[in-house]
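Visitor: Can you walk me through this one? I have a few quick questions.
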Number of protein chains: 2
Amino acid sequence: MKVGARYLGGGRCRFSVWAPIQRSVSIKVVLPESIIISMDREERGYWCTEAHLSPKSRYFFNLEGDVDRPDPASAYQPEGVHGPSQVIERSYPWKYLGWKGIPLEEMVMYELHVGTFTPEGTFEAIIPRLPDLLDLGVNALEVMPVAQFPGERNWGYDGAYPFAVQSSYGGPEGFKKLIDACHGQGMSVILDVVYNHLGPEGNYLSEFGPYFTDKYKTAWGSAVNFDGPFSDEVRNFFMENALYWLGDFHLDALRLDAVHAIYDLSAKPFLEELAEAVEALPGRKRYLIAESDLNDVRVINPRDRGGYGIDAQWCDDFHHSLHALLTSERAGYYQDFGSIEDLSRAYQDGFVYAWRYSTFRKKRFGSSSAGLPGERFIVFSQNHDHIGNRLFGERLAALVSFEALKLVAGALIISPYIPLIFMGQEYAEDTPFIYFVDHSDEKLVQSVIEGRKKEFKSEGDPPDPQDPQTFLQSKIIWEKRKEGHHKALLDLYRELIRLRKAYPALSNLRKENLGIALEGDVLIIIRKHSRSDVAAVMNFAKKEASFCLDLQGKTGKKIIDSSDRAWKGPGSITPDYLSQIGKFHIRPLGFVLYELF
Amino acid sequence: MKVGARYLGGGRCRFSVWAPIQRSVSIKVVLPESIIISMDREERGYWCTEAHLSPKSRYFFNLEGDVDRPDPASAYQPEGVHGPSQVIERSYPWKYLGWKGIPLEEMVMYELHVGTFTPEGTFEAIIPRLPDLLDLGVNALEVMPVAQFPGERNWGYDGAYPFAVQSSYGGPEGFKKLIDACHGQGMSVILDVVYNHLGPEGNYLSEFGPYFTDKYKTAWGSAVNFDGPFSDEVRNFFMENALYWLGDFHLDALRLDAVHAIYDLSAKPFLEELAEAVEALPGRKRYLIAESDLNDVRVINPRDRGGYGIDAQWCDDFHHSLHALLTSERAGYYQDFGSIEDLSRAYQDGFVYAWRYSTFRKKRFGSSSAGLPGERFIVFSQNHDHIGNRLFGERLAALVSFEALKLVAGALIISPYIPLIFMGQEYAEDTPFIYFVDHSDEKLVQSVIEGRKKEFKSEGDPPDPQDPQTFLQSKIIWEKRKEGHHKALLDLYRELIRLRKAYPALSNLRKENLGIALEGDVLIIIRKHSRSDVAAVMNFAKKEASFCLDLQGKTGKKIIDSSDRAWKGPGSITPDYLSQIGKFHIRPLGFVLYELF
């Protein structure tokens with residue numbers, strides 16, 4: 001069942017809203033003129049009608065003649081989460097209708113937050129930067145949630161209108177313009193969508209129907225009713241939402257936020273139903289990517305093996321292994337990580353915790369993902385969460401040395417998974433990315449501030465999330481990339497991505513072609529291919545180390561060394577050619593690639 | 001990790017208890033003499049010690065020098081749920097150690113409640129009735145829960161000591177004696193175990209550790225902590241419990257009560273881990289049978305298809321289809337059933353609701369079980385729940401005609417599933433089976449009574465569950481089976497079970513061999529086999545009906561007709577032989593079997 005206001009052309013608009021607990025629902029048009037339009041109760045609690053209205057009309061739903069509420073499926077909230085919804089024209093003059101999409105296994109993702117990526121904080125302001133990203137080698141833009149949230153500053157996970165594009169970002173038109181521009185330049189666009197909860201401000205859904213359940217708890221508010229009585233229509237709402245983004249917005253993929261908080265014990269879980277529906281879409285292949293804190297292979301297993309058939313999931317274990325190893329941090333979730341063996345396991349299997357005891361979680365955790373192809377996992381050395389969930393939102397560039405940042409670049413980009421770069425990481429951006437909000441409800445603001453303080457109680461006072469300065473401080477400064485160490489890292493990222501695409505051994509993500517060797521602090525990843533193998537030698541020690549490389553009768557030719565002066569390093573000490581077994585030396589935190597042929 | 005008191009012989013006993021939240025735990029022996037024995041804190045919150053004690057010693061655990069509590073893993077509570085635990089000798093003079101077990105697919109199950117099956121209400125009193133059950137054809141005795149519950153009258157689902165055998169039933173010795181007697185006569189024994197909650201009275205587990213979680217809710221109290229912090233040891237407790245019954249008690253199978261209330265979002269759910277452990281047991285095959293209200297094929301799917309690998313599950317849909325069709329009842333869960341097509345679907349697939357909209361549940365429900373072999377489902381036309389959950393606990397014999405009872409017998413016994421008979425059903429027992437308890441906590445009694453009243457508010461006042469008369473009224477009267485209609489039905493059941501075992505077409509549970517035809521109120525089930533087919537013709541109308549049978553060139557020979565005078569029917573009107581296609585007549589509610597060869 002379609003939900004929301006669908007403009008049919010010729011001044012006609014079809015409305016439908018699921019409000020089974022209301023005894024009367026009408027449309028209250030407030031712009032361009034004030035009119036009340038009655039609605040008819042149809043099957044399963046839907047209220048529908050068709051009306052004559054111009055496409056920019058603004059309206060509320062009036063519930064039982066009592067309160068005016070925005071449309072839960074509003075496509076646009078020009079006056080914010082409490083204001084009227086606006087009817088939009090669905091048609092858009094798409095220029096690149098023939099866009100074929102980037103296959104998942106070829107993606108190099110770039111996660112950005114619209115508000116802090118540019119000084120303007122809009123979709124439109126992103127467009128001039130696309131050539132820079134393309135030049136870097138990025139071919140998939142992952143946009144943090146854009147669903148209308150309260151105020152103008154938010155990470156996006158407080159969205160209250162899943163179908164509405166944030167007005168301060170440029171609304172639906174702005175987003176379509178960005179997507180079209182990306183497609184025109186050969187870049188896929190992935191949207192982060194939140195189906196596990198709705199933001200606390202401006203969310204009136206429970207006045208319409210049983211969208212939520214108290215059967216389960218989430219960290220962020222009421223759990224969405226995906227498996228209780230009346231859940232069919234709740235599922236329809238979110239299913240329609242996914243299809244809306246993939247359809248009307250031509251998006252290439254959705255990143256499903258925190259699916260572990262989508263509590264659903266149905267015999268056919270919503271995620272499985274969604275994966276089926278997306279798979280059945282005509283035209284180019286669209287992807288679903290889950291964020292999951294379960295390490296449950298069921299999420300990404302194919303459906304004939306009892307899985308949901310989600311295309312890929314974020315691999316936190318890879319991040320945690322790398323981060324804990326390099327920073328020696330052991331607080332919170334990092335206490336489960338820190339050994340180079342963990343990182344080795346992440347390269348080998350994906351999940352480091354595959355039904356192994358987790359000290360952090362105080363229980364055995366995860367299932368084995370061994371044998372799954374590399375494109376089932378998205379890996380990252382930073383992302384909005386792992387930066388922003390820190391007291392001061394420090395990026396890795398503020399925590400580790402420049403040599404370490406280059407090692408991280410190598411470790412990430414040559415991994416047998418899909419790499420994701422968080423905006424700015426490619427040029428060692430060192431501004432923080434801090435948690436920020438812009439609520440209008442003073443009580444809520446206080447509770448967010450208190451919650452934040454409680455989270456970090458032993459560490460100190462966090463920056464005030466509501467303070468506009470917190471937001472402004474989190475904006476990245478694009479100009480930095482032009483010089484010094486920033487530029488050197490950017491150049492290295494660009495070269496690494498070029499190599500990843502150029503060498504079949506690196507672009508092939510089959511795990512059968514993976515070899516791993518561990519010598520002290522040196523981790524060697526060998527990626528095999530019929531043409532030539534590639535070996536990545538990574539020294540995670542802060543001192544020079546030695547390594548042996550089993551050439552298996554082949555000859556090794558150095559492709560790149562992060563210690564090179566070209567990348568503002570101390571100078572490479574690894575041999576340019578390897579022709580026999582021997583002990584070689586590598587710089588502290590060095591990353592070296594050899595082609596073996 | 002083993003839990004409880006393990007008597008090692010020679011006056012030595014090893015104790016261990018998981019009490020991570022306690023700062024000191026000691027053993028307070030109260031019989032034969034008063035002693036305090038200190039315990040050592042070991043890894044993961046276990047407290048252990050080895051002591052010199054006689055096997056009949058009674059003890060409490062003393063928590064922080066403060067309160068005395070029975071052992072959560074007590075093997076015996078001779079003085080009830082609040083009294084001391086007793087050390088028992090594990091050895092038992094088993095007579096039938098060579099017992100091989102009945103294969104699941106050959107089982108004919110008989111569910112009984114120890115307290116109401118005999119006047120004595122003990123394990124021992126069951127033994128003299130085993131020859132009668134064997135004579136009926138039953139080869140698997142399913143015993144309703146025996147874990148120590150409060151008082152002497154309880155269905156068993158209020159058990160507070162999962163390892164202790166109800167003292168008033170005869171305790172562990174009595175249960176072993178019954179099991180040994182069953183094995184000696186060629187009968188498997190299945191025990192109903194409750195892992196989704198513990199009874200409200202006498203359950204002190206949360207004083208020991210985080211056995212429970214408030215993350216999820218069950219209808220019967222706190223959910224067990226199967227997936228939260230510290231859940232490894234909670235899982236260990238129930239895992240050890242399952243292995244205790246299958247090991248120390250030589251049980252052949254466990255029936256896992258209400259697994260839908262075992263909330264567990266682990267990447268490796270407890271049920272999967274349990275199925276793996278049971279599969280790995282040496283010796284004869286043991287079975288796990290789930291009761292599940294999810295219609296989720298994942299429970300019984302093999303693990304390489306993402307399932308838990310549980311051997312079988314109870315099929316409520318078969319029961320509901322049959323019950324609603326025959327009684328025309330449409331209240332509660334019966335509102336989803338009533339058409340003969342539903343029953344036909346139950347024969348065909350198992351689950352009638354396979355992601356179909358359920359009016360009762362107000363959502364789509366279930367997944368397809370098509371293609372699974374018949375032994376994955378246990379079917380029944382009555383069981384403790386569907387009788388006892390009625391206001392007056394009426395059995396089918398009090399609701400439908402004698403002819404209908406015979407049709408039910410046929411429909412059940414010739415089904416391509418494992419049939420389960422609820423005690424007394426085989427001889428049309430017409431005493432009720434009412435919900436009864438024997439709590440000592442007056443508040444709890446009132447709340448049970450109120451809960452019961454609320455459940456049936458529109459129907460009337462239910463019998464007082466606490467009143468001993470309610471329990472006594474629920475006892476079956478074994479002597480009835482000797483005469484009149486009771487005897488006729490018993491004879492029919494006996495003959496049907498004999499036929500089920502004698503005809504390969506009936507004992508083969510592969511679904512590939514199933515054919516179904518529906519003509520008005522007549523449902524025809526054809527079971528094919530290379531030797532000869534068997535066709536069951538069932539008239540669900542209360543009037544005479546006609547049917548055609550596609551003989552496919554074969555000849556039909558009547559095997560049995562429930563309308564026969566031999567079964568105190570009005571006399572058969574179906575032909576003894578069928579040699580050509582024609583229209584034949586069948587009595588109201590008639591059940592006829594033909595062999596086709």
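Visitor: Which way do the residues of strand S22 of chain A point?
Guide: This is a predicted model. In strand S22 (residues 377-380) of chain A, Phe377(A) and Val379(A) point one way. Ile378(A) and Phe380(A) point the other way.
Visitor: And are they buried or exposed?
Guide: All are buried.
Visitor: Which strand does S22(A) pair with over three bridges?
Guide: That is strand S23 (residues 418-422) of chain A, and the sense is parallel. There, Ile418(A) is the bridge partner of Ile378(A).
Visitor: What about strand S19 of chain A?
Guide: Strand S19 (residues 312-314) of chain A also pairs with S22(A) in the parallel sense, over two bridges. Gln313(A) stands opposite Phe377(A).
Visitor: New topic: helix H13 of chain B. How far apart are its end C-alpha atoms?
Guide: They are 27 Å apart. The helix has 19 residues (484-502), and at 1.5 Å a residue it should span 27 Å, so the two values agree.
Visitor: Which residues of H13(B) are buried?
Guide: Among them are His486(B), Leu489(B), Leu492(B), Tyr493(B), Leu496(B) and Arg500(B).
Visitor: What covers them?
Guide: The cover includes helix H3 (130-136), helix H10 (402-413) and strand S28 (556-561) of chain B.
Visitor: Last one. How is chain A superposed on chain B?
Guide: A rotation of 180 degrees does it, with 0.0 Å of shift along the axis and an RMSD of 0.0 Å. That is the relation of a two-fold axis.
Visitor: Through which surface do the copies meet?
Guide: They meet through the same surface, because 100% of the interface residues of chain A are also interface residues in chain B.

Methods. Residues numbered from 1 in each chain as written. Chains lettered and ligands numbered in written order. Predicted model: local features only at pLDDT ≥ 70, side-chain atom pairs only at ≥ 80, totals over all residues. Heavy atoms only, no water. Helix = DSSP H or I, 4+ residues; strand = E, 2+ residues; numbered from the N terminus. Expected span 1.5 Å × (residues − 1). Buried < 20%, exposed > 50% of the residue type's maximum accessible area, 1.4 Å probe, protein only. Contact = heavy atoms within 4.5 Å. Pairing = 2+ DSSP bridges. Least-squares fit on C-alpha atoms with pLDDT ≥ 70 in both.
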